[in-house]
Amino acid sequence: HDGLASAYVPDAYESDDDFKSAKTLPSDGSWQSHSIHLTPVGANNLDFLSFDADSGRTYTLKVVSWTSLNVFVLRADSSLPLLEGTIGDTLETLTLPVTHTGKYFVSVNSRNSSTRATYRISLQSEAGLPSYAIPEPGETDTGWGNAIVLAAGAPTLGRFLAGDDTDWVRVPRKAGYSYTISVFDSASYSTGSDLKVVVRQANDWLLSSDVISARNEWHGTYAATKDDTLLVRISLYLSGRSKRLPYSIRVEETPGTGAAARVALSVQEAKLEELP
């Protein structure tokens, strides 16, 4: 690194700028020292770390830095962040109860693109889950392949989300009909958090991605031009991962397809956003 200013010198863990090159973060509580260096184009790089997690265990991530950082925790099978933290001259602790065995990632980036950032990070694992993270009895719908079928006109389905849980619902459709999906975030204002609802066609075309706040109901209408299936993914949004959140979902069918393939009937305090 002769001739490079110190702010541009990579740390010993480089290259770790993407998921494929993520470096292993052990879950034994030991500390690693990292830095986020500047690049010649005037920005700083990203750091990615990975760890294997077992269902039924709780993982505590600690990050300390004297510069301002963003920290995200993601599961390998989804680009939706499970946890997010902002660090600035302090110690940040993120708790992740795990109900799905698999690989997880930690992404760290600097909030100041003109300064080299240094930080220390550790991960500790312990057996057991906090009460808010214990899944529903008989929980099986952890992926699109085992989604629960909810036909139009069926009774409203009451569920709850816990920990890093994600629920999937499959909605069969007939050509020439429109299908209205309604999701109600039934958590109280004081303990509630946001739900994220993503609707896809079975061939994986994204139709909508919305966030619903506590005590609000979201409706989306989707017209069918052929017999097919909709997939609905419901998850806790970011900070809600530390809460147990009840919700309900129902589907209604009406003849005709209307003027558009997807019409939002009413989105109360919900915002449309792109899928990450």
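Which residue lies over the face of Y177? It is K174, at 4.8 Å from the ring centre. Keep in mind that this is a predicted model.

Now to the ring pairs. A pair of aromatic rings is described by the distance of the centres and the angle of the planes. Rings count as a pair here if their centres lie within 6.5 Å. By that rule, the count is four aromatic pairs.

Take F19 and F105. Their ring centres are 5.0 Å apart. Their planes sit at 80°, and over 60 counts as edge-to-face, so that is what this pair is. Where are the two residues in the chain? F19 is in the segment before β1 (23–24), while F105 is in strand β8, residues 102–110. The pair therefore ties together parts that are 86 residues apart in sequence.

What about burial? F19 has 42% relative accessibility, so it counts as partly exposed. F105 has 10%, so it counts as buried.

Next, F51 and Y104. Here the centres are 5.7 Å apart and the planes are at 15°. Planes under 30 degrees apart count as stacked, so this pair is stacked. F51 belongs to strand β3, residues 47–53, and Y104 to strand β8. This pair therefore ties together parts that are 53 residues apart in sequence. Both F51 and Y104 are buried.

One more item: the cluster. Which residues do ring pairs link into it? They are F19, F48 and F105. So look at F105 again: it is in β8, it is buried, and it pairs edge-to-face with F19.

Definitions and conventions
Residues numbered from 1 in each chain as written. Predicted model: local features only at pLDDT ≥ 70, side-chain atom pairs only at ≥ 80, totals over all residues. Heavy atoms only, no water. Phe/Tyr/Trp six-rings, centres within 6.5 Å; stacked < 30°, edge-to-face > 60°. Helix = DSSP H or I, 4+ residues; strand = E, 2+ residues; numbered from the N terminus. Buried < 20%, exposed > 50% of the residue type's maximum accessible area, 1.4 Å probe, protein only. Lys NZ or Arg CZ within 6 Å of the ring centre and 35° of its normal.
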